[in-house]
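Biologist: Could you walk me through a few labels in this model and tell me what stands behind each one?

Modeller: Gladly, let's take a look together.

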Amino acid sequence: MTSATQEPRLGFRLYGTLALLSALAPLGTDFYLPGLPDISASLGTTSGLVQLTISINFVGLAIGQIVIGTLSDRIGRRRPLVACMALFVVFTVLCGLAPNIWVLLAARFAQGFVAGAVAIPRAIVRDMFPPSVVSKVFSQLTAVAMFAPVVAPVIGGAILAFTSWRVIFAALAVIAVVQLVLAHRVVPESLPPERRHASGRAQRRVMLMMLRDRRFAGFVVTAGLQGAQLMVYLSLSAFFLRDEYGVSTQGYSALFALNGLGLILASQINARLLSTQELPRVARLFALTTVTAIVSLLALIVAGAPLAAVEVALFVSIAASGPGIANIMGLAMTPMGHAAGTASALLGSSTFLIGAIVAAVVAHVSTSGVAMASTMAVAATLIAMLTWALTRRD
């Protein structure tokens, strides 16, 4: 590990590879979001079951991160990362070939499980960097990683204009092959044998110790609420904008990409703020910004405001939420260098599991804009309260 007196830098190839691998989970969802209504018609199924392909993928991600992240603390980072990327290609192809909704659901779960390897790039960053700069690096990687999901729905929408949703998964498989090649050729082993956990029993003891740490457990809950906030947006925004504002598939792709650009911009601002401000203060700032924007979004939707006004509030809401996740990850993982894979797995698992459950419940009840924004507002309020409580002494 590099001395804390120096701020280390990743080589360009490794930096780009870790950023692209960090985008594995959002790519798996964002690429095919514009095709959700088409999948429903093509497979002769309900909107609820199609939305379940998002939630079940997130459940797979939650479970996969626990299994794969903790495994990486025992056998190292590189081997499980490469193996999971190879399996991701296989299950992505299976998604595109699914003859019915049930096969698609099973393939999406398996795809999500192996995408649990997304916990490993975060662990590699914690292995390689001193605590003082971990959050800044997370934010920088987030900014780069978000470029892929910004472009993904635009490409997905363009594909749908000429062909079917199945081709979207074929294109995603090609991207996954590139990720696999880069993981194999570029990513080093960052966890030396002497720092690995000797047994599963010892690892389980470490995990229990983490969860008994009230501060870390609080960050795990906060990460879960952040997942709920974003996944409700992912699950409902296509239906809300189509049904209530008449936005086309291509129009939705463009709006989704615009909101993604906001994430990139906010992540860059976050990284600059962390160069001059303490992490807890910056975390509180973004939590407050997010809750203010989402409450404004809810008020505009209830008032029947025009699409332009709703999109401005949605843009700020989504943009501010990205740095919020990076900052919570940094606050939680800074003291967990002895088990970075396990810490990353617990945080990531909470993000996707709680997010998947909340999104599935809300989608089952309603796909309206009010349902989406009110759920996001509740989550954002709780995030702000927990962030303040967990950092008030820092």
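Biologist: Which residues make the nonpolar surface patch of about 370 Å²?

Modeller: Leu353, Ile357, Val361 and Val365 make that patch. Patch residues need over 30% relative accessible area and no salt bridge, and nonpolar side chains (Val, Leu, Ile, Met, Phe, Trp, Tyr) are joined within 5 Å, like charges within 9 Å. A word on the source: this is a predicted model, where local features need pLDDT of at least 70 and side-chain atom pairs count only at pLDDT 80 or more, while totals for chains, interfaces and linings use all residues. Residues are numbered from 1 along each chain as its sequence is written, and side-chain values use heavy atoms, leaving out hydrogens and water.

Biologist: Why does Ile357 count as partly exposed?

Modeller: Buried means under 20% relative accessible area, exposed over 50%, and partly exposed in between (1.4 Å probe, protein chains only). Ile357 has 48%, so Ile357 counts as partly exposed. Its place is in helix α16, residues 340–365.

Biologist: And why is Arg201 called exposed?

Modeller: Its relative accessible area is 60%, so Arg201 is exposed.

Biologist: What makes Thr53 buried?

Modeller: A relative accessible area of 0%, so Thr53 is buried. Thr53 sits in helix α4, residues 47–75.

Biologist: Which residues is Thr53 in contact with, leaving aside neighbours within four places in sequence?

Modeller: Tyr32, Leu36, Ile101, Leu104, Leu105 and Arg108, where contact means heavy atoms within 4.5 Å.

Notes:
Helices (H or I, at least four residues) and strands (E, at least two) are DSSP runs, numbered from the N terminus. Accessible areas come from the Shrake-Rupley method with a 1.4 Å probe; for residues, only the protein chains shown count as cover. A salt bridge is a side-chain nitrogen of Lys or Arg within 4 Å of a carboxyl oxygen of Asp or Glu.
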